[in-house]
Amino acid sequence: MTHVLVTGANRGLGLEFVRQLLARGERVVATCRQPGRALPLNRLAGEHPGHLVVLPLTLPEPRSIAELARELEALDLRIGLLINNAGATVNGERLGTIALEGLHHAFDANAAGPLLLTQALAQRLEPSARIVNLSSSLGSIAGTRALYTPSYAISKAALNMASKLLSVALADRGAIVVALSPGWVRTDMGGAGAPLGADESVAAMLRVIDGLKPSDNGRFLAQTGAAIDW
Ligand code: NDP
């Protein structure tokens with residue numbers, strides 16, 4: 001049966017994606033690092049019996065990714081929409097304090113994770129699946145004006161390249177792969193001062209996702225649907 005898979009679904013935009021997808025009757029696989037502690041997700045699973053499967057996934061751990069792929073196969077679930085939402089940032093970096101650890105941390109979660117997960121799930125994707133990689137305008141090389149969150153920005157630029165590579169690799173299956181920015185959103189990552197609520201950002205992103213056409217394959221889009229310069 002066709003499902004939407006959302007990573008990093010225990011809080012923030014991931015949780016809101018799950019809420020809105022369930023509200024419109026979709027079947028969802030929600031992944032998070034510790035399902036036992038994901039209380040809002042487990043509550044949603046109780047409220048939507050048969051529509052929400054919660055599974056563990058820590059990115060980009062190969063064993064965790066392989067275990068998820070095995071579980072989806074065992075449950076005979078196919079993925080029509082993969083939302084690579086999980087992501088991480090490094091706070092307080094400036095020139096002089098950038099550390100290898102921070103670069104690794106951001107790259108692992110934001111670039112290696114989505115790429116390796118998509119590769120592992122390629123066989124479980126529906127023929128015209130959509131793959132949505134949550135990127136950021138901070139990953140736009142063309143839009144760079146200051147050294148701001150460098151580990152994060154570099155990792156999202158790498159995610160953009162991964163998105164482009166996947167769009168080429170999966171084109172013959174009719175897949176549509178996009179890098180999609182949610183805007184600046186009030187979550188743990190975005191902070192309390194962000195202009196958008198998670199509900200409005202996700203509603204806008206779902207409108208963009210619903211409207212994706214084959215000609216959008218390999219594009220970098222904002223939640224408004226406007227193109228962002230790479
Ligand atoms: P949050 O920090 O609120 O949530 C991040 C989610 O990702 C959590 O579920 C977290 O799990 C999960 N996660 C982080 N690292 C890993 C990992 N290594 N393996 C598995 N799961 C992981 O972020 P947002 O909801 O705000 O962001 C969602 C996406 O949107 C991210 O990709 C982010 O970069 C992007 N984005 C957000 C913006 C914003 O303004 N909020 C702006 C631009 C882009 P756990 O709870 O276990 O830590």
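## How α4 meets α5

Helix α4 crosses helix α5 in a right-handed way (the near helix is turned clockwise from the far one by less than a right angle). Helices here are DSSP runs of H or I with at least four residues, numbered from the N terminus. This is a predicted model: local features need pLDDT of at least 70, side-chain atom pairs count only at pLDDT 80 or more, and totals for chains, interfaces and linings use all residues. Residues are numbered from 1 along each chain as its sequence is written.

The axes of α4 (residues 100–121) and α5 (residues 150–169) come within 8 Å and cross at roughly 15 degrees. The two helices are therefore roughly parallel (an angle under 35 degrees).

## The contact residues

Residues are in contact if their C-beta atoms, placed from the backbone, lie within 7 Å. On the α4 side, they include Leu103, Phe107 and Leu115. On the α5 side, they include Tyr152, Leu159 and Leu166. By class, this contact has 12 nonpolar, 6 polar and 1 charged residues.

## Inside α5

α5 has 20 residues and spans 28 Å from first C-alpha to last. Its buried residues (20 or more other C-beta atoms within 10 Å of their own) include Tyr152, Lys156, Leu159 and Leu166. Their cover includes α4, β5 (125–134), β6 (176–181) and β7 (219–222).

## α3 against α4

Helix α3 (residues 62–74) also meets α4: their axes come within 10 Å and cross at roughly 30 degrees. This crossing is right-handed. Ile65, Ala66 and Ala69 of α3 meet Leu116, Leu117, Ala120 and Leu121 of α4. That contact has 7 nonpolar residues, no polar and no charged.

Note on methods. Axes fitted to C-alpha atoms, helices over the stretch in contact; angles between N-to-C directions. Parallel < 35°, antiparallel > 145°, perpendicular 65-115°, else oblique. Contact = placed C-beta atoms within 7 Å. Nonpolar A, V, L, I, M, F, W, Y, C, P; charged D, E, K, R; others polar. Expected span 1.5 Å × (residues − 1). Buried ≥ 20, exposed ≤ 12 C-beta atoms within 10 Å, placed from the backbone.
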